Amino acid sequence: MARQSSHQTKPNPEKSPRRDPTASGQRDAAVNRIASHNYFLLEKFEAGVALTGTEVKSIRGGRANLKDSYGLVKDDELWLLNCHISPYQHGSYSNHAALRTRKLLMHRDEIRKLTGKTQQKGLTLIPTRMYFKNGRVKVELALAKGKQLWDKRETERRRTADKEARDAISRGRNNKK
């Protein structure tokens, strides 16, 4: 005869349906805020990135920096240079180099299109953000033209004027109530 147990076992608790916002694609893993300050962003493209496992884990943890990085087309291949992804904290001897050159994945005809545009004087590829899409790391590249100092001042003036106008409108609405 089988022996009956006197204690009840609890069912396994259900996993939380909400994942990490970065990993689920709700929040960007890295953003290059200074890009719009230093460049006119003309056209944007999405590219996949060839990464190692420890790099993906570091990006999920928000340890990527796009500040000084740029894209380069060489031999009909697209590369991401100077993108800093910190080594994974729990990584072992197989951890990655922080500033290694990473291959970007795009269709061949898109790469040819970028090759023609980047050969024009003053145009370059700047990564603006890094994010997850369907569990894969993507980089948004912008075709950019460098700003001069007076362009930066003009942009700042325009931004300040727009903010003052919005504040005046909101003050006007609040006074009517």
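Modeller: Buried means under 20% relative accessible area, exposed over 50%, and partly exposed in between (1.4 Å probe, protein chains only). This is a predicted model, in which local features need pLDDT of at least 70 and side-chain atom pairs count only at pLDDT 80 or more, whereas totals for chains, interfaces and linings use all residues. Residues are numbered from 1 along each chain as its sequence is written, and side-chain values use heavy atoms, with hydrogens and water left out.

Colleague: Is E156 exposed or partly exposed, and at what relative accessibility?

Modeller: E156 forms a salt bridge with R159, their closest N and O atoms being 3.2 Å apart; a salt bridge is a side-chain nitrogen of Lys or Arg within 4 Å of a carboxyl oxygen of Asp or Glu. R159 counts as partly exposed at 45% relative accessibility. E156 also counts as partly exposed, at 40%.

Colleague: In which helix do R158 and E154 both lie?

Modeller: The side chains of R158 and E154 meet in a salt bridge at 3.8 Å, N to O. Helices (H or I, at least four residues) and strands (E, at least two) are DSSP runs, numbered from the N terminus. R158 and E154 are four residues apart, about one turn of the helix, and both lie in α4 (residues 149–176).

Colleague: How many residues apart in sequence are the parts that R129 and D28 tie together?

Modeller: R129 forms a salt bridge with D28, the closest N and O atoms being 2.7 Å apart. R129 lies in strand β8 (residues 123–133) and D28 in the segment before β1 (30–31), so the parts tied together by this pair are apart in sequence by 101 residues.

Colleague: Which residues are linked with D28 and R129 in a network of salt bridges?

Modeller: R129 is partly exposed, with a relative accessible area of 25%, and D28 is partly exposed at 29%. The network of salt bridges links D28 and R129 with K44 and E140.

Colleague: How many residues has the largest nonpolar core?

Modeller: A nonpolar core is a set of buried Ala, Val, Leu, Ile, Met, Phe, Trp, Tyr and Cys residues joined through side-chain atoms within 4.5 Å. In the largest one, the residues with the most contacts inside it are I59, L78, L104, M106, M130 and V139. The elements that give two or more residues to this core are β2 (39–49), β5 (77–81), α3 (108–118), β8 and β9 (136–146). The number of residues in the largest nonpolar core is 24.
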